[in-house]
Amino acid sequence: MIPLYRAGRSALHRMPVGAKFLFIFLAALSASIFRENPWVLLVIWASVLAGYVLSGLGPGALLAQLWRLKWLVLVLTLPGLIFLSPAETAFNLTRVLAVVLLAALFTLSTATSDILSGCERLLRPLDPQLARFGLSSERISLGLSLTIRSVPVILSFYSEIREAQRARGMRPTPRATVMPLLVMSLRHAEETAEALAARGVR
């Protein structure tokens, strides 16, 4: 598995997982409700910048994350300019990027073990109700943690594919990109499943 967490002693690293989750949820909710409010987006982006600086990751890590999202920017921008106004496209793009960068910051500053334990503590009181559906706080927290980790992992796979294509002088095409990305993602899922099975997780 690709290590994404960057150890540190900043206030952001020490912040409880629940508080980080709540902040990202509120930021995403605010960005969805106040879709075209520039002040709301400005506050969220200020939070993104402050988070990367205060966490010790620095502007370099933020720029690296933005570079990884360049194709997402392209995918969101081109259809937006066709079907929406430039202003609506800009609002949509900045809203999505801000939330994705917050999620990436969460992954970079939070150890997976902390994510699991935080989710378990939050959901443990609901275990009797969850058991009726064959679920448990441990299973849900594990699934949530794996989902969060999968986003930057798949983005890193995409970057590897593009670098390999660039080294070979290949032009990016959907077929040449999607197929290896699908294979790498499935292989990663299989390795993750084997690692979980080896630890007794079914």
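**Entry 1: R124 and the salt bridge**

I looked up the exposure of R124 and found that, at 42% relative accessibility, R124 counts as partly exposed, because buried is defined as under 20% relative accessible area, exposed as over 50%, and partly exposed as in between, with a 1.4 Å probe and protein chains only. I then searched the whole structure for salt bridges and found one; the term stands for a side-chain nitrogen of Lys or Arg within 4 Å of a carboxyl oxygen of Asp or Glu. R124 forms this kind of bridge with E120, and the closest N and O atoms are 3.6 Å apart.

I note for all entries that this is a predicted model, in which local features need pLDDT of at least 70 and side-chain atom pairs count only at pLDDT 80 or more, while totals for chains, interfaces and linings use all residues. Residues are numbered from 1 along each chain as its sequence is written, and side-chain values use heavy atoms, with hydrogens and water left out.

**Entry 2: the chain as a whole**

I counted ten helices and zero strands in the protein chain, where helices (H or I, at least four residues) and strands (E, at least two) are DSSP runs numbered from the N terminus. The C-alpha atoms fill a box of roughly 50 × 45 × 35 Å, taken along the principal axes. Of the 202 residues in the protein chain, 34% are buried. The protein chain exposes about 12500 Å², of which carbon and sulfur atoms supply 69%; accessible areas come from the Shrake-Rupley method with a 1.4 Å probe, and for residues only the protein chains shown count as cover. Among contacts (heavy atoms within 4.5 Å) with a separation of 6 or more, residues 24 or more positions apart account for 69%.

**Entry 3: aromatic pairs**

How many aromatic pairs does the structure hold? I found two, using the rule that rings of Phe, Tyr and Trp (its six-membered ring) pair if their centres lie within 6.5 Å, with planes under 30 degrees apart counted as stacked, over 60 as edge-to-face and the rest as tilted. F21 and F106 form a tilted pair, 4.9 Å centre to centre with 40° between the planes. F21 lies in helix α2 (residues 17–33) and F106 in helix α6 (residues 86–109), so this pair ties together parts that are 85 residues apart in sequence. F21 counts as partly exposed at 24% relative accessibility, whereas F106 is buried, with a relative accessible area of 4%.

W71 and Y158 form an edge-to-face pair, 6.2 Å centre to centre with 75° between the planes. This pair links distant parts of the chain, with W71 in helix α5 (residues 70–83) and Y158 in helix α9 (residues 137–167), 87 residues apart. W71 is partly exposed at 26% relative accessibility, while Y158 is buried at 16%.

**Entry 4: helix α2 and the annotated regions**

I next looked at L22, which is found in helix α2 and is partly exposed at 48% relative accessibility. L22 belongs to a nonpolar surface patch with F25, L26, L29, I33 and F34, which together have about 580 Å² of accessible area. Patches are made of residues with over 30% relative accessible area and no salt bridge, like charges being joined within 9 Å and nonpolar side chains (Val, Leu, Ile, Met, Phe, Trp, Tyr) within 5 Å.

I checked the unreviewed UniProt entry, whose annotation "transmembrane region" covers residues 12–33, 39–57, 69–87 and 93–116; such annotations may be inferred rather than shown by experiment, and the positions are given in the numbering used here with feature names shortened. Over residues 12–33 the chain is 91% helix and 0% strand, with the end C-alpha atoms 26 Å apart. Over residues 93–116 the chain is 92% helix and 0% strand, and there the end C-alpha atoms are 31 Å apart.

Is R95 buried or exposed? I found R95 in helix α6 and buried, with a relative accessible area of 10%. Leaving aside neighbours within four places in sequence, R95 is in contact with A31, S32, R35 and L41; the C-alpha atoms of R95 and L41 are separated by 6.7 Å, although these residues are 54 apart along the chain.

Q165 lies in helix α9 and is buried, with a relative accessible area of 4%. Not counting residues up to four places away in sequence, Q165 touches M170, P172, A176 and T177. G169, in the loop between α9 and α10 (174–198), is by contrast exposed at 61% relative accessibility.
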